[in-house]
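This report describes a sheet and the nonpolar cores of one structure. The sequence and model follow.

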Amino acid sequence: MNEKLMNYKEKINELWKERSKKQQVVIISAIVSIILALALVAFFSTRTNYEPLYSNLTLAETGQIKETLDARGVPSTVSESGTSILVPKDLVDTLKVELAAEGLPSSGTIDYSFIQDQMGFGMTDNEFNVMERASMQTELARLIRNMNGVNNANVMITLPEESVWLNAAQDSSTAAVVLDLAPGHQLDSSQVRALYHLVSRSVPNLPIDNIVISDQMFNDYYYEDQDNETQTTLTAFEQQRAIKNEIERDLTRNLHQMLGTMVGQDSVVVSVTTDIDFTQENRTEELVEPVDIDNIEGIAVSIERIEEAYSGEGFEEGGVEGTGDGIPNYPGALGQGPVDWERTEERINNEVNRINRDIVESPYKIRDLGIQVMVEPPEGLETLPQDQLNDIQQILGTIVRTSISSVYADELTEDEIEGKIVVSSHPFDGRVVMDQEPMMTISTWVYVVGGVLVALILLLLFIVMRNRRMREEDSVDESLATNAPFDLPDLPDEDTSEGAAKRRQLEKLAKEKPEDFSKLLRTWLSED
């Protein structure tokens with residue numbers, strides 16, 4: 001093994017000595033460049049870049065967010081005297097959305113300090129405000145797109161103008177968000193709250209009431225407080241309106257999802273209008289029902305039977321004439337013969353079911369319902385086939401019949417139910433087109449480093465091939481030179497003098513008996 005290593009080392013040394021100074025410098029420079037490039041790639045690929053997650057926080061909020069991140073195992077650092085918190089760059093967007101769903105932070109704002117890097121010396125205030133607002137809109141749209149089920153998002157923010165008067169009341173900002181949701185996906189209440197918190201905390205002086213969120217089908221998403229205590233402060237009208245909107249929204253979602261499965265999610269538009277009966281009825285019922293409903297009988301609690309019988313002679317004929325029934329000259333009473341009679345009486349006390357009910361009727365009954373559906377036909381057709389329109393009409397009729405309260409539905413005829421449904425089919429010319437975000441590209445420095453590495457590899461291959469070709473040419477020249485005839489000079493005759501013989505004897509003595517040889521040397525030195 002050592003011999004092989006030594007052979008390799010000798011060959012490398014020979015190859016290195018054969019190179020010129022210029023070639024040696026080029027090879028060393030290439031090796032050093034490759035090592036530096038690999039070191040830079042390793043450094044940048046393994047380096048953790050921290051970016052601000054939130055800034056302008058209070059110390060309590062910083063501690064709360066820091067505790068939440070530590071519980072999740074996310075590395076983070078605190079800067080700017082505890083008012084800003086930094087996390088790894090690839091986790092910034094995800095953490096902003098997740099923390100916004102939990103309502104964190106309560107007063108901090110997302111950092112937009114990168115705007116300062118784009119400021120020029122002659123930038124005006126108006127230009128800066130436009131750039132700041134555009135950056136907010138772009139950043140918010142990018143954050144919202146990271147939410148599950150959201151393909152794209154457009155954000156429009158309106159910032160109030162600052163007044164020059166100190167005592168002037170500051171106006172609030174407003175924001176409108178249009179979402180492009182995935183087909184069949186619906187945002188739940190937690191995601192809606194997360195969106196409202198994210199937008200509200202990202203824009204200065206933006207209350208939740210000034211935010212409007214809707215999807216590409218113009219379905220509005222309202223903020224529902226996780227704590228229902230705030231709902232008690234609503235007026236009766238606001239409560240009824242919120243209930244009506246929620247019922248219509250649920251019916252619209254279900255219908256859109258069902259019809260979208262039939263004709264395509266982007267090929268159907270559904271609108272639902274309802275009339276809700278908010279009358280609340282409290283009544284008390286005292287009912288008496290028989291125990292045996294079939295025979296309409298109760299339970300016999302007590303039974304009393306009385307039986308009487310008589311047998312004997314009647315009274316004799318007689319009496320005063322003219323007194324019978326007050327009629328003059330009426331004969332007196334006639335006599336009776338033997339008399340037999342009997343009487344049976346039965347008294348039964350039955351117990352029945354006595355029911356007392358305190359009923360509170362629900363005030364949320366659907367009194368009337370209207371459904372309007374527009375369907376886009378396939379390409380090449382002006383309208384859907386009549387069979388499909390009839391199927392949609394029948395499905396919607398069933399929904400109307402089952403959604404309306406039974407108190408009102410029992411009085412509806414088939415014609416009245418069909419009159420509450422409108423189904424139309426025609427091409428959609430006003431479709432909302434969302435701007436698709438371009439795909440993320442690889443950083444420029446990666447291409448630069450890759451190009452440098454490829455160039456260095458090609459240079460090394462060129463040098464190696466050229467050196468191999470030069471060695472082959474040199475070996476051919478040497479073989480030709482060895483085959484050419486030439487005269488060798490005669491070797492000198494071996495020295496056979498007496499001095500040469502003594503020298504050979506001394507060398508043999510030094511090799512075989514070094515101790516005797518050393519004694520001989522000391523003797524010669526002492527004689528001298």
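## Sheet

The strands β4-β5-β6-β7, in that order, form an open sheet of four strands with mixed pairing. Strands (E, at least two residues) and helices (H or I, at least four) are DSSP runs numbered from the N terminus, and two strands pair if DSSP finds at least two bridges between them. At the edges lie β4 (150-158) and β7 (220-221), each pairing on one side only.

Strands β5 (residues 174-181) and β6 (residues 211-215) pair in the parallel sense over five bridges. Ala 175 has Ile 211 in β6 as its bridge partner.

## Basis of the model

The model is predicted: local features need pLDDT of at least 70, side-chain atom pairs count only at pLDDT 80 or more, and totals for chains, interfaces and linings use all residues. Residues are numbered from 1 along each chain as its sequence is written, and side-chain values use heavy atoms, leaving out hydrogens and water.

## Helix across the sheet

Helix α5 (residues 125-145) lies across β4 and β5 and runs at about 155° to β4. Such angles run from 0 to 180 degrees between N-to-C directions, with axes fitted to C-alpha atoms, for helices over the stretch in contact (heavy atoms within 4.5 Å).

## Nonpolar cores

A nonpolar core is a set of buried (under 20% relative accessible area, 1.4 Å probe, protein chains only) Ala, Val, Leu, Ile, Met, Phe, Trp, Tyr and Cys residues joined through side-chain atoms within 4.5 Å. The largest has 28 residues, of which Ile 144, Leu 179, Val 199 and Ile 213 touch the most other members. Two or more residues of this core come from each of α4 (92-101), α5, β4, β5, α6 (189-202) and β6. The most come from α6, with six residues.

A second, separate core of 23 residues includes Leu 369, Ile 371, Val 375 and Ala 409.

Definitions and conventions
Buried < 20%, exposed > 50% of the residue type's maximum accessible area, 1.4 Å probe, protein only.
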